[in-house]
Amino acid sequence: MATAAAASASEAEAEPKAGPEAEGEEDEAKAARARRKVLSRAVAAATYKTTGPEWDQQEEGVSESDGDEEYAMASSAESSPGEYEWGYDEEEKNQLEIERLEEQLSINVYDYNCHVDLIRLLRLEGELTKVRMARQKMSEIFPLTEELWLEWLHDEISMAMDGLDREHVYDLFERAVKDYICPNIWLEYGQYSVGGIGQKGGLEKVRSVFERALSSVGLHMTKGLAIWEAYREFESAIVEAARPMAGFLSPSDWEQTFDSQLEKVHSLFRRQLAIPLYDMEATFAEYEEWSEDPIPESVIQSYNKALQQLEKYKPHEEALLQAEAPRLAEYQAYIDFEMKIGDPARIQLIFERALVENCLVPDLWIRYSQYLDRQLKVKDLVLSVHSRAVRNCPWTVALWSRYLLAMERHGVEHRVISVTFEKALSAGFIQATDYVEIWQAYLDYLRRRVDFKQDSSKELEELRSAFARALEYLKEEVEERFNESGDPSCLIMQNWARIEARLCNNMQKARELWDSIMTRGNAKFANMWLEYYNLERAHGDTQHCRKALHRAVQCTSDYPEHVCEVLLTMERTEGTLEDWDIAVQKTETRLARVNEQRIKAAEKEAALAQQEEEKVEQRKRARAEKKALKKKKKTRGADKHRADEDDEKEWGDDEEEQPSKRRRVENSVLPAGEAEPGSEADLSGSIAPAAAEPPSEPKEVRVGARRRDVPKVLHDSSKDGVTVFVSNLPYGLREPAATLRPLFEACGDVVEVRPIFSNRGDFRGYCYVEFREEAAALQALQLDRQSVEGRPMFVSPCVDKSKNPDFKVFRYSTALEKHKLFVSGLPFSCTKEELEEICKAHGTVKDIRLVTNRAGKPKGLAYVEYENESQASQAVLKMDGMTIRENVIKVAISNPPQRKVPEKPEARKAPGSALLPRQVYGA
């Protein structure tokens, strides 16, 4: 849905280029001349028909339908897709594709792209009846873009034959101008209505259409000019048609009629010149040329004031012309500017212009509807905008909730509000909590309808049945889809219980509801018990309060001290001595048990900590013993080597006894005078004399020996800002510094690449890269996950974890991202390109990340980022449960679970010590 809607909608505002110069295209000029000719002939025909019955239309060659026929020809010249020659194979292929699209829409009627493709194919095949039905179905579900409406209107105009067809086209125009602000559709509407001027009320119809067009888009600085000019051309054509009528009317009547019509043209010029529009100078010059009298001073003053306003608006208009769609930031700045000025008509216009290109941005709809709700408060306008908002962004629960409130605020019938709520439930929200929110909004509305002064009423029964249905819906529908009800704290049941207790005086029902709440895993929370207790205190009796607190003392596990304090406070105020003794006994017993549990938990934690410390000590001792053994073997091996360095057999036997040592490589002697990488020549920058080496000594052994000889350099924490930590490198990397330096030099000047080696000289898989500038270190972080010899390299900031133990580096978001999908169950052989090919059928794919382990092997998981929430929601519906190479994949909106942070043990508390201060919960 979102791809086609956003792409098509964004074209509407992308047309203007450099002000009025964009209107000067040759084809548009030809079309304008054709329309002007049609307009003049239609006006002339209608005028003579209504005022000069003696005039013979047929003699002059002008028929009543000439206007319609020529307008249809002009429209067809602009919109005709051309003639196509299809072979039999192509037609059969199209028919199969049409059947496939129809079947897909029968499964998912909310597939926007399917609707568009089906209409296109049916139109190519000439299936007029089917294409009309397909367009009707699509328009009932989605708002159509200006392009789709114009195509539909041109097709219907070309098929219109009589007055009934004309009325049908009028209805289509009325629907078209309601979806988005559409200057071109208004222009087409006005020009088409001219063709019906000869019918009863035709003249009033034309003027009504043009006046409404001016109200809608007349202030549009780049496109409003065309509407004004078309309206003036129409009225001017009537003036010209009235000149030959002098012979049919008395001089006084003709003069009155002529002067009245002239005044209409004057009025249009004056109104237009008072509005800041592009090419105002040309309009003023045209008025001077057309008017026989001097232009009044008041008109000149209004014109100059409009020119000054135009200069203030030009920076924002120029910013829109220079930016690329969807230009949300530019529109937001323009909206802020208009809000400061405070002209409601212009504020409404700029919101409408912004929504043409950003129709899938919920926040923009929310801001627009909020302005209308609080400032204009015009019923038809407010409800129209809310309705369009939920049609464009049906997945946004906030828009549905605001729509229900607006309908209630403006007194819409209960039946209509209920139907709207049912549509909201079927909108396909992407979170379980969204369903809870929309149910709460509807239940609040039903509650406000009830007159609680009556013991029983139809509205009250409807409210109770709605509460019951909400609980059932969350349990069966929502929980089945999301594996959670979305209401773990049972907020809906709590609200129902409050209504029963406070407004219906039905504490019995409220207690039943609270029993149900506690049995759903909430009995361990002190705040839930205290909420129930407060309700009993306000509307129940002391006996039930005491009973609730006794149960709370036994069940609460998070803050038992709180409920114990509340119980003792109540008994101190209202209870008897017996009640006090029972309360003290129960609270002391419970707190003693809690303290025992806490002591055991603390002891267990201390024991685990001690075990961990012992393990650390054991590892330290083992490393120390191993290090001492290696030193001993090294000394013994050196003595043996000096005694008999040619004893290769004994060296080989020793190597077999120690399989961890690398295998011996023969013939590894370098030519004399040639320095080996990593040798002293490399480190100092000059070539040292090559010493004679035993021909039988392995290369790896020599490299490891030199690495052991290199003095260890401690990391300087003061240089953390210009240093990055590189890990997960292959352990078999021969020369880490030489391999990594070219990669990081692309980010900036590298001071040092410092790989870390073990005591034996083996590379440990990580290193430090120090730069000369901090900006280069920040740039180097972009190399994270780049492959080095088939293994993903991890690049992270250099942070001392002893000073920052909680520091974690994770470059991806761990919060809910509604435009991103989490895909699991993928075949391990599935590539990024294959997955992108599958996903791009449902929207614009911005990025795909295949999750791998530390060795770079796929884990069968992926994250797919779409352009917006709508595309992601559509993809979930289409891809979840899909089979890829015999693997059934699962697809969901990306919402990683929160990482559990180990809780710090609470301070142990003796039974007789002072209780913690009470926290207030609930009402």
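Are Trp-439 and Tyr-442 buried or exposed? In this predicted model, Trp-439 is buried, and Tyr-442 is buried as well. Both residues belong to helix 22 (residues 432-449), and because they stand three residues apart there, about one helical turn separates them.

A pair of aromatic rings is described by the distance of the centres and the angle of the planes. For Trp-439 and Tyr-442 the arrangement is edge-to-face, with 6.5 Å from centre to centre and 65° between the planes. These two residues also take part in one aromatic cluster, together with Phe-421, Phe-429, Tyr-435, Tyr-445, Tyr-473 and Phe-482.

Across the whole structure, a search finds 31 aromatic pairs. One of them joins Trp-186 and Tyr-189, a stacked pair with 6.0 Å between the centres and 25° between the planes. Trp-186 and Tyr-189 lie in helix 10 (residues 183-194), three residues apart, or about one turn of the helix. Both Trp-186 and Tyr-189 are buried.

Two packed helices are described by the angle between their axes and the distance between the axes. Helix 18 (residues 362-376) packs with helix 20 (residues 397-409) at an angle of about 15°, and their axes are 10 Å apart. Angles under 35 degrees count as roughly parallel, so helix 18 is roughly parallel to helix 20. The crossing of helix 18 with helix 20 is left-handed. Helix 18 contributes Pro-362, Trp-365, Ile-366, Ser-369, Gln-370 and Asp-373 to the contact, while helix 20 contributes Ala-398, Leu-399, Arg-402, Ala-406 and Arg-409. Of the residues in this contact, six are nonpolar, two are polar and three are charged.

Technical notes:
Residues numbered from 1 in each chain as written. Predicted model: local features only at pLDDT ≥ 70, side-chain atom pairs only at ≥ 80, totals over all residues. Heavy atoms only, no water. Axes fitted to C-alpha atoms, helices over the stretch in contact; angles between N-to-C directions. Helix = DSSP H or I, 4+ residues; strand = E, 2+ residues; numbered from the N terminus. Parallel < 35°, antiparallel > 145°, perpendicular 65-115°, else oblique. Left-handed = near helix turned anticlockwise from the far one by under 90°. Contact = heavy atoms within 4.5 Å. Nonpolar A, V, L, I, M, F, W, Y, C, P; charged D, E, K, R; others polar. Phe/Tyr/Trp six-rings, centres within 6.5 Å; stacked < 30°, edge-to-face > 60°. Buried < 20%, exposed > 50% of the residue type's maximum accessible area, 1.4 Å probe, protein only.
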